[in-house]
2 protein chains.
Amino acid sequence: MAIAGVIDRERSAARIERDIEHLATADYTLSSEAIRRYAYTPVYRNTLDYFARELERIGFAVSEDAVGTLVGRNRPSGEPAFGVGSHCDSNRNGGKYDGTMGVVTALEVCRLNVELGLGLPLQLISFLEEEGSGFGQMLLGSRIVAQRVTEEDLRERFRATDDGRSFWEHAEEAGYEPARWRECAAVLDGLTGWIELHIEQARVLQDTGNRIGIVDAIAGYVHADVFVYGRGDHAGATPMNLRLDPTLVLAETAVELERLARDAGRGTVGTIGEIEVDPGLINAISSRIRFSLDIRGPEDDVYREVAREIAAYVALTAERRGMRAEYTERQTLAATPMDDGIVSTLEQAAAGTGEPYRRMHSGAAHDTMCVADRVPTAMVFVPCKDGISHHPAEDADPADAALAAEIMLTAIASLR
Amino acid sequence: MAIAGVIDRERSAARIERDIEHLATADYTLSSEAIRRYAYTPVYRNTLDYFARELERIGFAVSEDAVGTLVGRNRPSGEPAFGVGSHCDSNRNGGKYDGTMGVVTALEVCRLNVELGLGLPLQLISFLEEEGSGFGQMLLGSRIVAQRVTEEDLRERFRATDDGRSFWEHAEEAGYEPARWRECAAVLDGLTGWIELHIEQARVLQDTGNRIGIVDAIAGYVHADVFVYGRGDHAGATPMNLRLDPTLVLAETAVELERLARDAGRGTVGTIGEIEVDPGLINAISSRIRFSLDIRGPEDDVYREVAREIAAYVALTAERRGMRAEYTERQTLAATPMDDGIVSTLEQAAAGTGEPYRRMHSGAAHDTMCVADRVPTAMVFVPCKDGISHHPAEDADPADAALAAEIMLTAIASLR
């Protein structure tokens, strides 16, 4: 089907831009300085209503699951359909594009399907609370759909950042039925596939001159803390050869982590983002240091080997210097491979447009990780300026999203 | 003069211990958990009174300068005398030995001079506010004596940690005449030499098995801050080759600083004690990092060359990684060489005791730095357990101080 030739990309870009700009106006954000939008606030309600109206306008039946994930379908529930969507909540100091551009582009896919008379069975999903701004829990809506939470989490453990009351209480107050949370799994029933568009949140596409990223995997990660115990001596009076300075274990570890991640290749990255020194005085050798490790990659074997090697390196380096180190993992999450068939179909569709694209993985987490449990999935990335995200300065080009809509629609049509 | 043979070291040690333990009782410290004693407090007044009584008991004339530095002499003012002493204030969470053991040992030197009928002309000084606990100004009393302050400092800039009122106001309230601060220079008039005993505050003597350190220089230092400006990207989504991670400049600099200080030798040390990362999140590459540099040594040329080399290294390393670094010096202070004649005389005296000693430099600053402006000086160190100082756990052996008193007295007698 020669969809590419008949789509008016400029009109798509204009509609995408109109939706995004509209959803950045006062009714849709709690802050005048940023997009601040999260579950069960009036501005979030307005946003869901906007999408519901737009979907109903093109003949979709719209509903919400037991906690507020929005679902729009052009086929009766239970019949097969192809899923598109993302999330429309933001982080608290957010921009206009993260998540929202994905739902808006999915909406454009649905519009084009009607306008071109393709008759493709489609289901749009806007997941709840991807950013965790409301309850400090990332991917919350998609984790509920994937049943990756417990009832105790929802009733007790997950509490609102604003007032400390439970997710459960807030959901009930907003008119939902959290007691029926297990039924949220039905959101994915009948999906034959899933494609989420998202801004890249990094600068790979920009720096390599590509307009489209076809995501073939979402990275898994190891988050860990390293504590090194030295001896807090006088910085002036303690000769170099009598020191137990834990700062040097940090230093050697940072250099080694960079080397290991580079050598591992295959998308592996390693970062030390948090450093705490005790006592932290100019004239005192540190007695203790803590630093974080964030090690990721699309291939579990590869980045986990880096984590193992750096843990061993830390222990050895501390010991060689007469100190003691502790490595403790905070959290690990396996990588999510995308579906080969959808990825290669998206690649063909992208190639057909003649626009520059690349296959890549996602270093950041996305709702698609939860969808992938049960549905063949893929993602499409568009560039965001200078990689800036989670910030009011976030910027992306609606023309790229229009191109992505065309590619997504072409792929879905081919996969039918 | 065969002083060594006739001194009863055990009796000296007992007297030193008695003085130190007495000055650790409730009348002499503001805290029951630590020694906390600083200028113009009642407990500091009590401490000066204790030394005044003990000095008067052995025929010394005792006075205080215009701000409260205590001076005891066994000759009329203006006649030549050899100086001994230290300070008897403490840091706020201090131990019994830092400073106080120096004054107590100087007092023991004066006592032995009488008991042995040596008739040496001696002057004991207990400097005010060495630790800076009262007004946040280290070496304050000796800097006033050395005229290394300005009247504006004393009237306005130096303010009490406790209530923010000026040093001037506090000094007047305590009955002193700060307006006559320039006359404090007379404290050093007529001094033919000066020896200060102090605990080492590090572990060189303990770890090398020596009871006495003969200090031949007090280290100078460079205190500096390094800022490195990177780019705060997403830790998961930013490939290793697209990063500007300032943490790696810190890491390479820490390793290089250790190498440079070790290679420089001659007592050079280099320390990174403060590290601040921004934003300091596990999943974010730092956008900016600040760290401190403390580079010291007894030879100005040597440690300053290390400071120059590390500043150049930081700039080059940042540039090589596509970042920008700033190196700014906070404070520099030149090294203070001790007087060769006094140092070698002390060495001969130490050798004569048959006890293990070593020549060394002081990495920490001391009042002697200010005395050295006008008077030939040296210092004697005694070990402190595990190098712990500025802490209630500070511990030193009165027997070592008694040995030091004997060595000091022998040297002063030889130098006459």
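Is Arg211(A) buried, partly exposed or exposed, and what is its relative accessibility? Arg211(A) counts as partly exposed, because its relative accessibility is 23%, where buried means under 20% relative accessible area, exposed over 50%, and partly exposed in between (1.4 Å probe, protein chains only). The structure is a predicted model, in which local features need pLDDT of at least 70 and side-chain atom pairs count only at pLDDT 80 or more, while totals for chains, interfaces and linings use all residues; side-chain values use heavy atoms, with hydrogens and water left out. Residues are numbered from 1 along each chain as its sequence is written, and chains are lettered from A and ligands numbered from 1 in the order in which they are written.

Arg211(A) takes part in a salt bridge with Glu355(A), with 3.1 Å between the closest N and O atoms. A salt bridge is here a side-chain nitrogen of Lys or Arg within 4 Å of a carboxyl oxygen of Asp or Glu. This pair links distant parts of the chain, 144 residues apart. Glu355(A) lies in the loop between helix H11 (340-353) and strand E13 (357-362) of chain A, and Arg211(A) in the loop between helix H8 (204-208) and strand E6 (212-218) of chain A. Helices (H or I, at least four residues) and strands (E, at least two) are DSSP runs, numbered from the N terminus. Glu355(A) is also partly exposed, with a relative accessible area of 24%.

Over all chains, the structure holds 98 salt bridges. Two examples come from chain B. In one of them, Arg157(B) pairs with Asp153(B), the closest N and O atoms being 2.6 Å apart. Both residues belong to helix H6 (residues 151-157) of chain B and stand four residues apart, about one turn of the helix. Arg157(B) counts as exposed, at 54% relative accessibility, whereas Asp153(B) is buried, with a relative accessible area of 8%. In the other, Arg320(B) forms a salt bridge with Glu252(B), with 3.1 Å between the closest N and O atoms. Arg320(B) lies in helix H10 (residues 300-320) of chain B and Glu252(B) in helix H9 (residues 246-264) of chain B, so the pair ties together parts that are 68 residues apart in sequence. Arg320(B) is exposed, with a relative accessible area of 56%, and Glu252(B) is buried, at 14%. Salt bridges that share partners also join residues of chain A into one network, whose members include Arg11(A), Asp19(A), Glu54(A), Glu108(A) and Glu115(A).

Helix H4 (residues 100-115) of chain A has 16 residues and should span 22 Å at 1.5 Å a residue, the expected span being 1.5 Å times one less than the number of residues. The end C-alpha atoms of this helix are 22 Å apart, which agrees. H4(A) is mostly covered, with 14 of its 16 residues buried. Just after H4(A), Gly117(A) has a positive phi of about 65°.

Two copies of a chain are related by a rotation about an axis and a shift along it. Chain B can be laid on chain A with an RMSD of 0.1 Å by a turn of 180° and a shift of 0.0 Å along the axis, with copies superposed by least squares on the C-alpha atoms of residues with pLDDT of at least 70 in both. The two copies are thus related as by a two-fold rotation axis. In chain B, the C-alpha nearest the axis belongs to Ala251(B), 2.0 Å from it.

At the interface, 55 residues of chain B are in contact with 56 residues of chain A, contact meaning heavy atoms within 4.5 Å. The copies meet through the same surface, because 100% of the interface residues of chain B are also interface residues in chain A. The two chains bury about 4,300 Å² between them, 63% of it on carbon and sulfur atoms; buried area is the accessible area (1.4 Å probe) that two parts lose on being put together, summed over both. In chain B, Met240(B), Ile275(B) and Ile282(B) lose the most area to chain A, together 17% of what that side buries.

Two salt bridges are counted between chain B and chain A. Arg321(A) forms a salt bridge with Glu258(B), the closest N and O atoms being 2.7 Å apart. The largest share of the side of chain B that touches chain A, 10 residues, comes from H9(B).
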